[in-house]
Amino acid sequence: MELNGERRAALIAELRRILGDESVLIEDADVIVYEQDGSILQAMPEIVVLPADTAQVCGVVAAAGRAGVPIVPRGSGTGLAGGAVPAEGGVVVSLARLDRILGVDLRNRTAELEPGVINQDVTKGVANDGYFYAPDPSSQAACSIGGNLANNSGGPHTLAYGVTTNHALGVEIVLHDGSVAWLGGVVPDVPGYDLCGVFIGSEGTLGIVTRAVVRLMRSRERVRTLLAIFDRMDDATQAVVDVTSAGIVPAALEMMDKTTIDAIERGAPVGYPRDAEAVLLVEVEGVAEYTDRVMKMVEEICARAGARQVRVAQTEQERQSLWKGRKGAFGALGTLAPNYYVMDGVVPRSKLPETMRAVAEISGRFGVQIANVFHAGDGNLHPNILFDMRTPGALERVIEAGAEILRVCVASGGSLTGEHGIGLEKREYMGWLFSEHDLDAMARVRAAFDPTMSFNPAKIFPTPAACGETRRAPAKIPAGLWL
Amino acid sequence: MMTSMDRGALVSRLEQVVDASYVLHRPEDVVVYEQDAFLVAHAQPDVVVLPGSAREVSEVVRLAREAGVPIVARGAGTGLNGGSVPVAGGLMLVLTRMNRVLTIDPRSRFAVVEPGVVNVDLTAAAAQHGLFYAPDPGSQGVSTIGGNVGNNAGGPHCLAYGVTGNHILEMEVVMSSGETVTLGSPAVDAPGYDLVGLLVGSEGTLGVITRITVRLLRRAEAVRTLLAVFETIDDASETVSEIIATGIVPTAMEMIDGVVIRAVEAAIHAGYPEDAGAVLLIEVEGHADALPRLMERIEGVAGRHRPSLLRTAESAQERALLWKGRKEGAGALGRLAPAYYLHDGVVPRTMLPEVMRKVQAIARAHGLVIGNLFHAGDGNLHPTILFDPREPGMMDRVVRAGEEILRACVEAGGSITGEHGVGIEKREYMRWLFTDVDLDAMRRVKNAFDPAGLLNPGKLLPDGTQSAYSIQPQAGVWS
């Protein structure tokens, strides 16, 4: 939807009136920064705006609506499914300047936040009082609460605490006509339709969140972390099944395979054994007696499943160091290849061993290297397909291999995404999970919120209309960027 | 209401889809379905159908839609807000024949059930695998999973496990068009819009649920139940607030006040001291070796608020008896007055002592007796107004006092319902919580699912009209 000269100029003038000149970006050199998120997809926005408050967001939405151009909300741009890529051009609305923590109510354990607040800053602000905000995506040092809400983000500790939707009580959103509505409330389970739940995970297609009330949790009395080292992937996946079948719900149960360990130890070494086929990072939280006994049970289960060694962190420093490897794993993959394509499939936990075997088989069949680092306890896989975009045909092969992995997940009773969302990347796969009638029910909800389909078009839903402006990132990595 | 000619035509078409013995239309048959547990409202359906399968539901919905008559789904009729009262007449779909547990998958811990399965029957089926279904409304011996989903039902143990919405993975729904859709997936957090979450608590206004996949949980290794007895509601409320503030989350923390205690003891002999101002029933679950110290900490907090007794149940029988008093407490109230009006408000837990004092003040101001038995740990109040409807002017006072209590909840930062839903009872109160823009968003979603407005009309959303129900109970109801 190309804006022609006159309409474009009029829209820019109006946006400048609302926001001031410096918060409206129109030059290619400025807007190109917003052409991509954490995925491998790109498209240029026509205009980028950076509103500073709800009223300005309302003004922007109303103006863009009148001009009939797409409106694409964006947080920190760490999304992994192309959700913030302006596939059909239009106005990208960056919420980065709405970054205030508006209030913290420790007695009722809630925090009121603007969408641009960085995930980690919420916990930082209340940690000294003994509280935390539970959803902890790996990108938590950079990603925003608004983006987390849009993608229903998870993280390692989602196993015990649930994903973002379990922690958001209410959201203020700007609707397609520029009006403001509150969905949900400040206490859980308010009456009426659970539109807060509908909004969370809607990937910017229903409106723009400008304020959110989230739940805070009390820090646990004791936290213990162990690293279990395995010589066979099969043993490690079996240990995951055994731990959860024993009725133990660790706070986190993460797996990293040999390729990932290799990358971490090359990039920022933390002392994971480089000859292991897989390691499990298991964390248990709770009251002291419980935590200690459960830790012993986990140790025994891992040993029985064939762990070569189980290292229990004895100090907070050791614990941090075990986590540092996991948290830095994605970045470290850059030491192995210039590009990676992270998949986000879900399988029932009982299907984990056979699914991991299938991933290994796909890796061999397509001739692509895959690094696995993921939330094993949730059955939430993250196979990272490593490649070099500059190799002709590589990207196509990678995408085919990725689709094949997701097909295996769906066929085993799982799902296309655990926490990264559908975005632009997987919308054509939605038909694997949902019938036309099912998708039609979603489309009607979409239309109820956004009759003109202005918000983040071309996302989530399979559409016959191709995303003309979208392209996969071309092989244009500047020389010397990759070390 | 339909004309008898229209009704006759619809009945004969329905009888081609559903066996004639399950199509009720004579006044003496349909009168049974004029009421739910919201005892102050009633209205008769024109036709009642008891379908046996999702296919039959779909056909019936199509026929009702063609005839342009309202469609009201009903489970066991234990709802407390009038949600299944057919205020605009029409066709009632009673789903109690669809009562099969279709699948239990112990490895992936889910069950697939039809909507008419009774709540405790599901837990009994799951118990064979060491699993249970967590939401446990007071009505669980009677109420159906479909009704629980429609109202997003809670229960004492929702403090730890969350209400119904936290336990539903997937559902099959017959839409107002008669089309069947599947929402969600057996894997958690399915992509796309969370329409499962939308349908949960939608009180029959968006579609008719014909199959439900629920999450099952593992039974905890050990459980302990403490009875804490106080001379005043205030001391009990302060104890609740402080336990929550320490970061302990019991699996249940229920309060029963003196009014209810005396009724319970007369009826059930649960062992609550009859001279108490209030008792708390506090339950913790988990690994055996973690519980003693947890109980110690809870007893420590309670000890600071002048308890007259702290007693931990020593046996499973003793525990069951303590719970029996709570579960059957509402029924026992029948001993004290011919009628009661059970309210359902929510307050932030820190506001519990203050709002409970307000409830007492409201009772005094209106000269009413109010009994309290409720989910204190959730801040989910159930002030129950006891009264005799035959007393002139009484209903007005009861309704006014109820409204004042709910207002006090909302002013304290809470909500007008924790688990019973809105129904016809509280739809006008929705305006206290939501702006016109907020409500319009809900109306547009309603319209997206039910453009003709035939699914359970007159419920959930305010329409500016006075509720169409009669608040005068029928003569002879109380004998």
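Predicted model: local features only at pLDDT ≥ 70, side-chain atom pairs only at ≥ 80, totals over all residues.
Let's start with H8(A) and H10(A), which are oblique to each other. Helix H8 of chain A, residues 233-245, packs against H10(A) at an angle of about 140°, and their axes are 9 Å apart. H8(A) passes H10(A) in a right-handed crossing.

Which residues meet there? From H8(A) we have A:Ala239, A:Asp242 and A:Val243, and they meet A:Val298, A:Ile301 and A:Cys302 in H10(A). Sorted by class, the contact of H8(A) with H10(A) holds five nonpolar residues, no polar ones and one charged residue.

Now over to chain B and its helices H8 and H10. Helix H8 of chain B covers residues 233-245 and helix H10 of chain B covers residues 291-303; their axes come within 9 Å and cross at roughly 140°. That angle makes H8(B) oblique to H10(B), and the crossing is right-handed. The residues in contact are B:Thr239, B:Glu242 and B:Ile243 of H8(B), together with B:Ile298, B:Val301 and B:Ala302 of H10(B).

Staying in chain B, let me show you another helix pair. Helix H1, residues 4-17, and helix H3, residues 54-67, of chain B pack at an angle of about 160°, with 10 Å between their axes. H1(B) and H3(B) are therefore roughly antiparallel to each other. H1(B) passes H3(B) in a right-handed crossing. On the H1(B) side you will find B:Asp6, B:Leu10, B:Arg13, B:Leu14 and B:Val17, and they meet B:Glu56, B:Glu59, B:Val60, B:Leu63 and B:Ala67 in H3(B). By class, that contact has six nonpolar, no polar and four charged residues.

In chain B, four strands form an open sheet in the order E1-E2-E4-E3, with mixed pairing. Which strands stand at the edges? They are E1 (23-24) and E3 (71-74) of chain B; each has a single partner strand, so one side of each is left without a neighbour in the sheet. E3(B) runs parallel to strand E4 of chain B, residues 91-94, and four bridges join them. If you want a residue pair to click on, B:Ala73 stands opposite B:Leu93 in E4(B).

As for the helices, H1(B) lies across E1 and strand E2 (47-49) of chain B, running at about 10° to E2(B). H3(B) packs on the sheet and touches E2, E3 and E4 of chain B, with its direction making about 170° with that of E4(B).

Chain A has an open sheet to show as well. Its four strands come in the order E1-E3-E5-E4, and the pairing is mixed. At the edges stand E1 (24-25) and E4 (71-74) of chain A, each with a single partner strand, so each has one side without a neighbour in the sheet. Strand E3 of chain A, residues 47-49, pairs with strand E5 of chain A, residues 91-94, in the parallel sense over three bridges. Within that pairing, the bridge partner of A:Ile47 in E5(A) is A:Val91. Helix H3 of chain A, residues 54-67, packs on the sheet, where it touches E3, E4 and E5 of chain A, and its direction makes about 170° with that of E5(A).

Let's zoom out to domains. Chain A is divided into domain 1 (5-97), domain 2 (101-218), domain 3 (220-332) and domain 4 (337-449). The C-alpha centres of domain 1 and domain 3 of chain A are separated by 42 Å. Chain B is divided into domain 1 (101-218) and domain 2 (222-411), and their C-alpha centres lie 28 Å apart. The contact between those two takes seven residues from domain 1 of chain B and 13 residues from domain 2 of chain B. The domain 1 side has four nonpolar, three polar and no charged residues.

Notes
Residues numbered from 1 in each chain as written. Chains lettered and ligands numbered in written order. Domains from an automatic or database assignment. Nonpolar A, V, L, I, M, F, W, Y, C, P; charged D, E, K, R; others polar. Axes fitted to C-alpha atoms, helices over the stretch in contact; angles between N-to-C directions. Helix = DSSP H or I, 4+ residues; strand = E, 2+ residues; numbered from the N terminus. Parallel < 35°, antiparallel > 145°, perpendicular 65-115°, else oblique. Left-handed = near helix turned anticlockwise from the far one by under 90°. Pairing = 2+ DSSP bridges.
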